[in-house]
Amino acid sequence: MSDQKQAQDPPPPLANYPMKGDKLPPPPPPPPHPQPKTKNRGDGFWRGCCAGWCCYCCLDACF
């Protein structure tokens, strides 16, 4: 009779396998977003501004 009882018992659950009544732990918080890298603007604005004025003056002198 013990052989028949062993055949009817389900196998034990796997280790760390969630059961029906178990509460799941909360998910881990998302990783923090990295700070965006800023670009060094340097003298780009002033170079563009001076180039524009130079172009304007040259065109004004030519026409």
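Is Phe45 buried or exposed, and what relative accessibility does Phe45 have? Phe45 counts as exposed, because its relative accessibility is 57%, and exposed residues are those over 50%.

## Overall picture

The structure described here is a predicted model, and its protein chain has a secondary structure of two helices and zero strands. Of the 63 residues in the protein chain, 0% are buried, so the cut-off that matters here is the one that calls a residue buried when its relative accessible area is under 20%.

## Aromatic pairs

The count of aromatic pairs in this model comes to two. In one of them, the ring centres of Phe45 and Trp46 lie 4.9 Å apart and the ring planes stand at 75 degrees, so this pair is edge-to-face, given that planes over 60 degrees apart are classed in that way. Phe45 is exposed at 57% relative accessibility, and Trp46, with a relative accessibility of 54%, likewise counts as exposed.

Trp53 and Tyr56 also form an aromatic pair, and this one is edge-to-face as well, with 5.7 Å from centre to centre and 85 degrees between the planes. Both Trp53 and Tyr56 belong to helix H2, which covers residues 44–62, and they are three residues apart, about one turn of the helix. Trp53 is exposed because its relative accessible area is 55%, whereas Tyr56 has a relative accessibility of 49% and so counts as partly exposed, since a residue has to be over 50% to be called exposed.

## Cysteines

The model contains zero disulfides. Cys50 takes part in no disulfide, and the nearest cysteine sulfur to it, which belongs to Cys49, is 5.7 Å away; a disulfide would need the two sulfur atoms to be within 2.5 Å.

Cys55 is likewise in no disulfide, and for this residue the nearest cysteine sulfur is that of Cys58, at 7.0 Å. With a relative accessible area of 43%, Cys55 is partly exposed, because that value falls between the limits of 20% and 50% that separate buried from exposed residues.

Technical notes:
Residues are numbered from 1 along each chain as its sequence is written. This is a predicted model: local features need pLDDT of at least 70, side-chain atom pairs count only at pLDDT 80 or more; totals for chains, interfaces and linings use all residues. Side-chain values use heavy atoms; hydrogens and water are left out. Rings of Phe, Tyr and Trp (its six-membered ring) pair if their centres lie within 6.5 Å; planes under 30 degrees apart count as stacked, over 60 as edge-to-face and the rest as tilted. Buried means under 20% relative accessible area, exposed over 50%, partly exposed in between (1.4 Å probe, protein chains only). Helices (H or I, at least four residues) and strands (E, at least two) are DSSP runs, numbered from the N terminus.
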